[in-house]
Amino acid sequence: MRTAYSVDTVRTAERALMARLPEGALMQRAAAGLAVVCAELLGKVYGARVVLLVGSGDNGGDALYAGARLARRGAGVAAVLLDSERVHRAGLAAFLSAGGRVADSFERVLAGADLVVDGIVGIGGRGGLRAGALPVVRAALDSRAVVVSVDLPSGVDADTGQVDGEAVRADVTVTFGAYKPGLLVDPGREYAGAVRLVDIGLEPVPGEGDLEALQHDDVARLLPEPTGESDKYRRGVVGIVAGSARYPGAAVLAVAGALRGGAGAVRYVGPAAGAVVSRFPETLVSEGAPGKAGRVQAWVAGPGLGDDASGLADVVGADVPVLIDADGLRLADPEAVRGRGAPTLLTPHAGEAAALLGVSREEVEAERLSAVRELAGRFSATVLLKGSTTLVAGGGGSAGGGGRLVRVNSTGTAWLATAGSGDVLSGLAGSLLAAGLGALDAGSVGAYLHGLAARRVSGGAPVVAQDVAGGIAGAWGDVRRGF
């Protein structure tokens with residue numbers, strides 16, 4: 001599990017650690033780790049050309065001490081001081097003593113750099129880059145050098161991943177002690193590049209994480225697995241209310257996701273029964289209302305419904321876990337959703353989330369963490385916000401199963417931005433709800449397998465939703481085998 005902590009939590013842990021260490025020891029640990037990563041990226045340190053972009057405060061100090069280590073190994077290291085009056089004095093003295101030099105022209109040194117270290121703004125920075133830093137950053141990004149950011153790309157908000165204006169786009173970010181939410185959530189994640197965590201002995205308080213990302217081992221532990229005593233009912237029966245005359249494919253894809261996700265049986269209610277059964281003859285079809293369809297352990301409602309809300313009241317009123325997606329998000333009664341006692345999982349994309357919150361899509365995409373938390377709290381539900389980084393937030397209480405903690409999915413790919421892929425995810429997550437996973441786990445594991453399936457079948461090429469559904473079994477197997 002990768003757990004990310006807020007700036008306040010990290011600062012508290014840093015103060016506790018510094019109280020037990022000699023003065024300056026924590027910065028030396030960070031600088032040593034930064035220098036090691038830079039050396040690995042360079043391959044050959046002796047004779048390499050390194051440029052430090054040095055801001056004020058500790059972030060610039062980390063860069064200067066790391067630059068001193070590289071200079072002692074024979075690299076030619078130049079520092080561009082963005083605020084010479086507020087530079088970290090001890091770090092600058094160590095850097096100059098090791099043979100580093102202060103650049104008199106950032107254009108000239110950056111033009112010939114092999115590696116650039118971004119030490120402009122630390123995790124306490126807010127807002128985009130200041131005007132004085134922009135020419136330097138633009139020149140660095142226009143060079144052919146590898147860009148390494150210290151702790152966080154300058155211009156990215158550490159707590160939210162928000163980017164206000166321009167920011168450094170790093171090839172690698174070396175972060176110290178703990179992950180920060182802005183490194184794992186877009187748009188910040190896109191600016192961070194590959195993230196390397198350096199252990200400096202920091203011990204954030206357990207249970208105070210703001211964000212976590214499941215890894216293979218975590219997902220493997222959560223995956224339901226049939227036993228010798230299992231039958232189709234024990235494995236979980238999921239009911240699906242989806243599709244319409246205009247969108248029969250949504251029903252087919254949701255059923256595909258549920259069956260591939262391990263459901264013991266799928267009950268389908270809706271007007272696309274012919275299309276569903278022709279593709280999946282094992283589906284149990286009902287022509288009546290959802291409440292008359294028979295026993296289910298979870299419901300999925302919404303994909304491709306159009307304007308037909310006739311079955312939603314039955315589903316929302318059911319005393320089993322319910323996943324609401326797509327048209328269901330628009331048609332379901334918000335008060336009825338809030339009043340549910342059983343777990344509820346809402347799965348909007350950014351546009352649907354914006355409509356539910358009454359804001360613009362751009363606002364949701366710029367502040368994804370705050371948007372998913374707001375939705376979870378407003379609807380007393382677990383919310384899976386689809387997008388460039390899929391986020392899953394619990395709304396607290398028995399229905400939500402969460403609180404402030406948000407999970408971020410690490411397997412997503414831009415190829416999932418294709419018609420019908422969300423319908424597959426709904427069926428997949430619904431099957432996990434029916435198998436007994438809580439809403440937070442079902443959403444998180446579903447998103448993980450969904451992204452892994454897309455990557456597996458894509459190979460970097462375009463995919464369609466039915467390909468993604470077909471890749472779920474392989475993704476499941478990859479997780480089980482630890483690939």
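Start by selecting Asp 186, which is buried at a relative accessible area of 7%; buried means under 20%, exposed over 50% and partly exposed in between, using a 1.4 Å probe and protein chains only. What you see is a predicted model, where local features need pLDDT of at least 70 and side-chain atom pairs count only at pLDDT 80 or more, while totals for chains, interfaces and linings use all residues. Residues are numbered from 1 along each chain as its sequence is written, and side-chain values use heavy atoms, leaving out hydrogens and water.

Colour the helices on either side: Asp 186 sits in the loop between α7 (181-184) and α8 (188-192). Helices (H or I, at least four residues) and strands (E, at least two) are DSSP runs, numbered from the N terminus.

Now show Glu 190: its backbone nitrogen is 3.1 Å from a polar atom of the Asp 186 side chain.

**Next stop: the largest pocket**

The largest pocket has a volume of about 940 Å³. Of its 44 lining residues, select the closest to the centre: Ser 56, Gly 57, Asp 58, Asn 59 and Gly 122. On a 1 Å grid over the protein atoms alone, a pocket is an open set of points with protein on both sides within 12 Å along at least five of seven lines, and lining residues have an atom within 4 Å of a point. Grid points are joined across faces, edges and corners, and a volume is the space filled by probe spheres set on the points.

Which helix gives the most to this lining? Select α2, with 5 residues. The lining divides into 19 nonpolar, 15 polar and 10 charged residues. Here Ala, Val, Leu, Ile, Met, Phe, Trp, Tyr, Cys and Pro count as nonpolar, Asp, Glu, Lys and Arg as charged, and the others, Gly among them, as polar.

**On to the second largest pocket**

This one holds about 710 Å³ of space. Among its 32 lining residues, Lys 386, Leu 416, Ala 417, Ser 421 and Gly 422 lie nearest the centre. The largest share of the lining, 4 residues, comes from α20.

**Last stop: Gly 264**

Look in the loop between α11 and β11 (265-269) for Gly 264. Gly 264 is partly exposed, at 24% relative accessibility. Show Lys 232, Arg 235 and Gly 236, which Gly 264 touches, not counting residues up to four places away in sequence.

Notes:
Polar contact = N/O pair within 3.5 Å; in protein donor to acceptor, adjacent residues only side chain to side chain. 1 Å grid on protein atoms, 1.4 Å probe; cavity = no way out; pocket = protein on both sides within 12 Å on 5 of 7 lines; lining within 4 Å. Contact = heavy atoms within 4.5 Å.
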